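Subject: Structure handover

Hello,

Here is the structure I promised to pass on. Please open it alongside this email.

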Amino acid sequence: MRAGMLAFCLGIWLFSRLPVLPPWPVAAIVCLMLLATTVLLVALAWSPARGRWRLAALSLQLVMALALGLLWFCFDATRQMQQQLPSELEGVDFWVSGRIVSLPSPRAQFQQFELRIDSTCFRLHPRDCVSSDAIPDSDQPTPMSGARISLNEYAGLTLWPGERWRFRVRLNRPHGFANPGGYDYEAALFGRGIMARGYVRDTAFNKRLSAAGPGLQSARAGLRARLFALAPRLQNPGLLSALILGDRDGVSSAQWDLLTRTGTNHLLVISGLHVGFVALTAYTAINLLVRLLPALLLRLPAQQYGALAAVLAALVYSGLAGFSLPTQRALIMVLVLMSGHVLGRRFLPSYSLLLAASLVLLLAPMSVTQAGFWLSFTAVAALLFAFSGYRRPASPSLASPGQWLWHNWVQPQWAVSVGLLLPLLLWTGQMSLISPLTNVLAIPLVSLLVVPLALLGAVLLMLIPSLAIWPLALADWLLSGFFVALAGVVEFGPALWQPSPPGLMASTLAALAVVLLLAPRGLIPTRTPWLLPGCLLMPLLWPAEAVRPPPGQAQLQFLDVGQGLAVVVHTHNHHLLFDTGPAMGPQFDTGRAVIVPYLRARHVRALDMLIISHWHQDHSGGAASVAQQFAIKRRLAGGSESAPEALGGPASFERCRAGMRWQWDGVVFEILHPAGQRYAGENNNACVLRVSAGDQHALLTGDIEREAERDLLQDHARTSGLRADVLQAAHHGSASSSLPAFLQAVQPKLTVVSAGYRNRFSHPAPVVLERLYNVGSVVCQTPATGAVQVELGGAAGPRLSATHRQQYRRFWHNIPSGEYGKVATETAGGDICGRDRDGGWLVDAANNSVFHSGDCDCH
């Protein structure tokens, strides 16, 4: 049974690695094979000689479980993909009617919420929308019926969960950044069932169709409203909302960063730990209470009453969090563990763990792609492995308080910290060095004091609001002291360990070391239990060196940062960052979300140079986050403005000027622009950098426009100083740049356009793409390719070595067609990257094709 559950989980994981959904004939063949296997198993079970075929039957069972996992994920993914926004409706205004199914989340200038669509209408005026389920003048069913979408609303409408609304909306398919070491945002949205994202158009015809009835989300919204009504009397209403409702909107980025550095971020949301504590408290309380009522014991044992109470408490607390994925995992674990008490059976720990994992993946197969799934089950597995079998805890009656504290608090934290060492490094690239110590002190404070007080306050808010302030104020005071203590702990020294990503060998040795460290006492007899694991963990301190370009060559990584620019240039021993992408609000910028993870994935310890081409937000928004994480030896900046105080002010950056030149590892870097002249616009004052590896060149142009391009042509009219094999399209491919004469002088073989997916500027402009094709350039657009990696200086010439979306493609990824920047009138499909030099094709999901290899035309 356990082997079958493991095979089922393995099948789901294997399906998550597919680049495209298999066509229905493949699924039908697998179904027939599954049916044949089932028939064969039944025949073997009834065979008189079934004992001889035990191994064969077991093998068939494992094959069947594996196939079930594959098929289940296939059917679930296909069902969701059928609700996907048709590509021809991207950027189109139309009417949707549906029910609000989430808490509206306030942002700086808008509120965000989720809507489940009941119907759509494509008429201009809502009075022409009849309650039909078909597109006007079409026999096709209403698209996206039943789909879940995420909307931003800017007009300040009063929205309440459970209400039905009619909105005029403009939608796009989910599309996230695609970079080495980056977070797969599209996987997270697909796992939540979000099939489109967009915003509500501001029109007087948006209308509430029906009020909210009684329901879970409505009750959560009412509780949150009452809680924030007390905000003037509380210092941390957002933290209390996170603990009571699982609503993280009120947790600031500074608070979350402090929690991450100390390894306590799991304590300030409705996590599995809190759900488990609530269930355990309910189990213990009801178990003891029922023993005082003998009449009840005549019906059921006290343990069964306690188990039922634990399940009910976990269910209610998970409901407060809206049954988010983390709480679903915890609830299923409680159900599995307590079912043994209800049924009067004792399950093996490994059986309970695998059963819980199978149920979680049965309900939400995409959980297998999320770090939370692996971290949660790894933590539980570490505890079960460390405290089972040979280890014998001291008797409570004989143990001293110190022994009791060690066994019940310190050892579990040690086991969890050791067990999560490798998963944290692989999934997040970091680990808190002080998390065992801080959690030993923080878990009793938060779980045994703050959470019960917060829940008591929530109950009183619903029953006797005038009394709720007292437990909430006490919980708020404890939280304030908790953060003061965390800040004090962090000041003593480095709290966060962020090594380079471990390689395969280092990961294997570290996993073996973890097993040896957590092995129950007596299972592995040795007089020096720390020596061998310590040696096996040493490779984590000295990870394998990353592959670097050889001397005389350079590697350029054009990162996918949306409507912005960030390019990293690697030589054999040096690293240069040209621009840092945009900031998209006070809590998100591409420096933290894209550049820092990429640099850590590439084993970069410090930057030799940071160049900010100019101080527009889409080129400098991530600079502060990069500067906080990496030492920077030299800084250059263009533009007419000065460096902001957050980056050290004007004195922290040298001014870019034409003629600057330096050499690293045989690769020459030269600033071509600006010269002495100052331009009226910020764009034309941007730095222009030329990178030369032998007779191969790359030109990074920032946001320069026609005026600067004409001056560059005049300055280099008599030389080939502008010729470049690789060009970064100026100003994201805007029609205000890329003059025909300029492109004729550069003669690029490959041009990279860094722009946002379906951006409001319609970059790149069709006229610019036509000019590039006329000079024979291959064009890669980052919305379609993700990060673009180019090798410069090789014997075979400049080479496009990787495009991230094609190299790490998954079936849920949105890889747009060549018409992604326009509103298509027909279903988009076909290739996004034309025929490459080797004759291969790179096409989108409509053709169920995959990226082969080689240099491709990405227009």
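Below is what was found, taken topic by topic.

First, a caution: this is a predicted model.

β11 covers residues 567–570 and β12 covers residues 575–578. These two strands pair in the antiparallel sense, over four bridges. In general, strands of a sheet pair through backbone hydrogen bonds, either parallel or antiparallel.

**Salt bridges**

How many salt bridges does the structure hold? There are 15.

- R201 and D93 meet through their side chains at 3.0 Å, N to O. R201 lies in the loop between β6 (194–200) and β7 (207–210), while D93 is in strand β1 (residues 93–100), so the pair ties together parts that are 108 residues apart in sequence. R201 is partly exposed, with a relative accessible area of 28%. D93 is partly exposed as well, at 22%.
- R148 and E114 meet at 2.6 Å, N to O. This pair links distant parts of the chain: R148 is in strand β4 (residues 148–153) and E114 in strand β3 (residues 111–121), 34 residues apart. Are they buried or exposed? Both R148 and E114 are buried.
- R723 forms a salt bridge with D725. Their closest N and O atoms are 3.8 Å apart. R723 is partly exposed, with a relative accessible area of 31%. D725 has 3% relative accessibility, so it counts as buried, the limit being under 20%.

There is also a network. Salt bridges that share partners join D93, R170 and R201.

**The nonpolar patch**

Finally, turn to the surface. Which residues form the nonpolar patch there? They are L10, W13, L14, W374, L426 and W427. Together they have about 550 Å² of accessible area. Two helices, α1 (2–15) and α15 (421–427), each supply at least two residues of the patch. α1 gives the most, with three residues. L426 is found in helix α15.

Best wishes

How values were computed. Residues numbered from 1 in each chain as written. Predicted model: local features only at pLDDT ≥ 70, side-chain atom pairs only at ≥ 80, totals over all residues. Heavy atoms only, no water. Patch = residues over 30% accessible without salt bridge, like charges linked within 9 Å, V, L, I, M, F, W, Y side chains within 5 Å. Areas by Shrake-Rupley, 256 points an atom, 1.4 Å probe, with all protein chains shown as cover. Salt bridge = Lys/Arg side-chain N within 4 Å of Asp/Glu carboxyl O. Pairing = 2+ DSSP bridges. Buried < 20%, exposed > 50% of the residue type's maximum accessible area, 1.4 Å probe, protein only.
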